[in-house]
Amino acid sequence: MILDQLIWPLLLVFAALVLGPYWLAVLDGLAARSFGLAQAQSVWISPLSRGAWLLTQQTNMTEAPDWWAWRLAPALYLSLAAIGLALVPWSREWVATDIATSLVLWGSVEALATVVIFLQGWSANTLLTLIGAYRYVALGLSYILISMFVLIGVALPAESLALTQVVASQQELWNVLRQPLGLPLFLIVGLALTFRGPFNLADSTDLAGGTSADVSGPQRLVWELARSAMLVAFSGIATTAFLGGWLGPWLPGPLWVALKMLAVLALLAWLSRAFARITPERCVSLMWTVLLPLAFVDLIWAGAEALL
Amino acid sequence: MNTSLFVDIVFILLALFAVYTGWRVFRTDSMVRASFFLLLSFIAVGAIMLLLSAMYLGVAMFFMMGVEMMVMALFMVMFMMNPAGLNPMMMVHQHRLSIGAGIASFVILGAMALLATFPDRPLPEGLEPVSSLGHELLGDSMLIFESAGVVLLATMIGVVVLSGQRGRFGSAQEGSMPPGLEPGGDPAGMPQEDDEAGGGHHHCH
């Protein structure tokens, strides 16, 4: 009993936390190669050598930072990603955090991520990091709103806020088909929340690295790991909410979850290479005037479908 | 028995953490730090609510306070002209009054907690806190919550319409002029273009 409820789920969470970011880096390398970008090293080795390089680099200092917040922000972001991964049900029995409101707890992870990203940029006490932090906060609210509406949509047919029930409600038809707007919107939120590809506005090159402009060494390694781990957690929630989680023929549940997560990560890695970064002003307009109304449409669709 | 001891220990730790971080709110020297200490305090209170089996309200506390404190920190820094809130500043004013009010409210609340007799009602078997909360929100209290919800939604849409790049009166970047210093006067800070100057700078020798 303790094996099913605690040991296996926790092992899977830690495995996803360690292997997930590595796989994402490999997939990102493959996506770059598919666009013809030459790489000096093999895509399998280069994430490891970059990690080793950051680990041995000296840690940068700024003038009078908020030491506690500056040192803790990357670790806090990583722990939020771990909380997100703990909510993913690997099978009907194997859930690390099986509470009745796991969907709402994921919403809290997204909201608290905004605070942590702001702290990362603010606490360094330098100009460009602060601009990155303010930029993320200004945009983050719209990301969270879109994500909330989309997730309320998947809670409707499940008649529950527990992710295990959300998976169970997809026995006949996965939500990706039942609510066709849901997954695309959720994937956009995922890229925005971890500021990758077209939505990399907090740590972007126009701010010389944004919130992590003055961060180096192991601290930077943890920050990059946390960003990747958050996207891995995101792919876990997307798998659970839209792709039927552990449901699937032949293979055992946890393997299905892992395969679907990898597929989502591959798609996200390709998307973040395929599209150029948009300007912050256009991103605000896109979020509030296009994607948020689409999230409303998704919710109305889900409600009408639940009534019929 | 074991579970209840564990719950008691966690409750005491969380309560102490909530009080400590609440005290730090007033002792720190930056508005951003004060907001996030308050957030930590509220997170501890939310975790205590989870211990009390308020599964939805406890988790809702996390995201509500997360966004709320973030927005509060952002606006305080924006309006108070303290660069990024990192300049040390005194977080309290009217010392005597606030110390008096603090002691008075602590004594009153503490006395209520210690002297009041609380009903001893264990959770009924098979209670589902989330769905019973939902029935309450969409049952007797529906009018209050729905009218509040519609007002908030209308406010959000209004803010987006007013602050969007393309508002009701066309693009926000076109033809916008600062108001004059006196009623009907020329736009402030935009002197008439001088034709002779030819766009160059005036140098006074």
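Helix H8 of chain A is mostly covered, with ten of its twelve residues buried. Buried here means that 20 or more other C-beta atoms, placed from the backbone, lie within 10 Å of the residue's own. Keep in mind that this is a predicted model, where local features need pLDDT of at least 70, side-chain atom pairs count only at pLDDT 80 or more, and totals for chains, interfaces and linings use all residues. Residues are numbered from 1 along each chain as its sequence is written, while chains are lettered from A and ligands numbered from 1 in the order in which they are written.

**Helix H8 up close**

- Helices are DSSP runs (H or I, at least four residues), numbered from the N terminus, and H8(A) covers residues 182-193.
- Among its buried residues are A:Leu183, A:Phe186, A:Val189 and A:Leu193.
- What sits over them? The cover includes H4 (102-122), H5, H7 (175-178), H9 (217-242), H10 (253-274) and H11 (280-307) of chain A.

**The whole of chain A**

- Chain A has eleven helices and zero strands.
- Its radius of gyration, taken over C-alpha atoms, is compared with a globule rule of 2.2 Å times the number of residues to the power 0.38.
- That radius is 19 Å, close to the 19 Å the rule gives for 308 residues, so chain A is as compact as a globular protein of that length.
- Along the principal axes, the C-alpha atoms fill a box of roughly 60 × 45 × 40 Å.
- Of the 308 residues, 53% count as buried.

**The nonpolar core**

- A nonpolar core is a set of buried Ala, Val, Leu, Ile, Met, Phe, Trp, Tyr and Cys residues joined through C-beta atoms within 7 Å.
- The largest one holds 129 residues, and A:Tyr77 and A:Met230 touch the most other members.
- Helix H5 of chain A (residues 127-158) brings the largest share of this core, 16 residues.
- Leaving out residues up to four places away in sequence, A:Tyr77 touches A:Ala113, A:Val116, A:Trp223, A:Ala226 and A:Met230.

**Where chain A meets chain B**

- Counting a contact as C-beta atoms within 7 Å, 23 residues of chain A are in contact with 19 residues of chain B.
- H4(A) gives the most to chain A's side, with ten residues.

Technical notes
Helices (H or I, at least four residues) and strands (E, at least two) are DSSP runs, numbered from the N terminus. Two residues are in contact if their C-beta atoms, placed from the backbone, lie within 7 Å. The expected span of a helix is 1.5 Å times one less than its number of residues.
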